[in-house]
Structures are given as C-alpha cells and as structure tokens.
Amino acid sequence: MDKSALFIVGFFVIGGAGFVWQQMQPAPPVNGHSMTPANLSGLEVGDPIVEVTLPSELSADAQFGEKVFNVACAECHGANAAGQNGIAPPLVHITYEPGHHGDGAFLSAARNGVTAHHWQFGNMPAIEGLTDGDVKMVVAYIRELQRANGIF
C-alpha cells in the first residue's frame with residue numbers, strides 16, 4: 001500500500017473512531033443545564049417530593065418570608081417548599097440553586113407566572129397580591145432552606 005492509500009485509510013479510521021466516540025457521549029443537557037427532576041415513582045399525588053431539613057434558626061427576613069410562603073405558596077409548593085407530587089415542584093432542590101435560578105427568577109415567576117420547563121406539573125400562574133418585597137422575603141426563606149439542605 002502506498003503512502004496516499006495509507007493516509008486515506010488512516011483518515012477514515014480516525015474519523016470513524018471520533019464519530020463513534022462522539023455518539024457515545026451523554027446527550028446535551030435539556031434547556032442548557034444538567035438539572036434533572038427527582039424520581040417521582042412511588043409517590044402518591046400530594047406527597048412531598050423531597051425531604052427538607054429545617055435550619056436551626058431563620059433570619060428575620062426569612063421568618064417573614066416563611067409566613068408569606070405559607071399563605072401564598074405552600075398550597076402548591078408544599079410545606080417547607082418540599083413540593084407536592086402531581087401539583088408543584090420542590091423549591092428546595094438543586095434545580096432552583098442560586099446559580100441556576102437567581103433571586104430575580106422567583107420575582108419574575110410570582111409576577112408573570114412560568115411556563116413549565118423543568119418539571120411536568122404544568123404552567124405556574126402569576127401570584128396575585130404579593131409585593132416585590134414580599135417575594136424577596138420568600139426568596140430569603142427559600143435560600144435559607146436550600147443552604148440548610150446543602151444547596152448553595
């Protein structure tokens with residue numbers, strides 16, 4: 001075999017190996033991230049989706065936020081933001097870490113609602129009657145719950 005034929009064969013072998021290697025890589029993350037929802041099999045509708053460890057103490061802002069959360073958010077997102085299977089996702093979950101869903105995302109969600117994109121619970125409607133300050137306190141509460149559960 002002359003050098004040209006050897007080069008061509010080598011080119012196709014290396015190219016084929018590269019193609020096979022690329023096809024074996026994991027699929028790209030959905031919506032630009034690798035966050036995956038919790039496994040919900042075995043849970044009844046309304047069951048908490050995650051187990052939430054409560055912090056030993058909440059800041060004054062988080063205490064106020066907890067009160068607002070319990071009135072405006074817990075009906076769907078569950079006690080302590082643990083989510084409810086078949087109803088709404090947990091906010092104490094890696095999906096809602098500050099680096100992926102900043103505080104402004106919560107404000108926008110409360111103001112405008114959210115089109116479902118991480119979980120299969122349907123769209124979230126806008127929440128009436130909350131001020132931006134109320135939502136900021138709710139975010140303080142959620143962030144303190146997240147930190148107590150290893151989500152930074």
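Visitor: How do you know that the length of α5 fits a helix of 17 residues?
Guide: Compare two spans in this predicted model. The expected span is 1.5 Å times one less than the number of residues, so α5 should span 24 Å. Its end C-alpha atoms are 24 Å apart, which agrees.

Visitor: What makes α5 count as mostly covered?
Guide: Of its 17 residues, 12 are buried. Each of these is under the cut-off of 20% relative accessible area. Among them are Val 135, Met 137, Val 138, Tyr 141, Ile 142 and Leu 145. Asp 134, Arg 143, Glu 144 and Gln 146 are buried as well.

Visitor: Which elements do the buried residues of α5 pack against?
Guide: They pack against α2 and α4.

Visitor: What follows α5?
Guide: Gly 150, whose phi is positive, near 80°.

Visitor: Which residues have the most contacts inside the largest nonpolar core?
Guide: Phe 69 and Leu 91, in a core of 26 residues. The elements that give two or more residues to this core are α2, α4 and α5. α5 gives the most, with six residues.

Visitor: What does Phe 69 touch, beyond residues up to four places away in sequence?
Guide: Its contacts include Ala 74, His 77, Leu 91, Val 138 and Tyr 141.

Visitor: How many aromatic pairs does the structure hold?
Guide: Three. One of them joins Phe 69 and Tyr 141, at 5.6 Å centre to centre and 55° between the planes.

Visitor: Why is the pair of Phe 69 and Tyr 141 called tilted?
Guide: First, the centres must lie within 6.5 Å, and 5.6 Å passes. Stacked needs planes under 30 degrees apart, and edge-to-face needs over 60.

Visitor: What does the pair tie together?
Guide: Phe 69 lies in helix α2 and Tyr 141 in helix α5, so the pair ties together parts that are 72 residues apart in sequence. Both residues are buried.

Visitor: How do you know that Tyr 96 and Phe 106 form a pair?
Guide: Their centres are 6.4 Å apart, and the cut-off is 6.5 Å. This pair is tilted, with 55° between the planes. Tyr 96 sits in the loop between α3 and α4, and Phe 106 in helix α4, 10 residues apart.

Visitor: Why do Tyr 96 and Phe 106 count as buried?
Guide: Buried means under 20% relative accessible area. Tyr 96 has 10%. Phe 106 has 12%. Both values fall under the cut-off, so Tyr 96 and Phe 106 are buried.

Notes
Residues numbered from 1 in each chain as written. Predicted model: local features only at pLDDT ≥ 70, side-chain atom pairs only at ≥ 80, totals over all residues. Heavy atoms only, no water. Phe/Tyr/Trp six-rings, centres within 6.5 Å; stacked < 30°, edge-to-face > 60°. Helix = DSSP H or I, 4+ residues; strand = E, 2+ residues; numbered from the N terminus. Buried < 20%, exposed > 50% of the residue type's maximum accessible area, 1.4 Å probe, protein only. Contact = heavy atoms within 4.5 Å. Core = buried A, V, L, I, M, F, W, Y, C linked by side-chain atoms within 4.5 Å.
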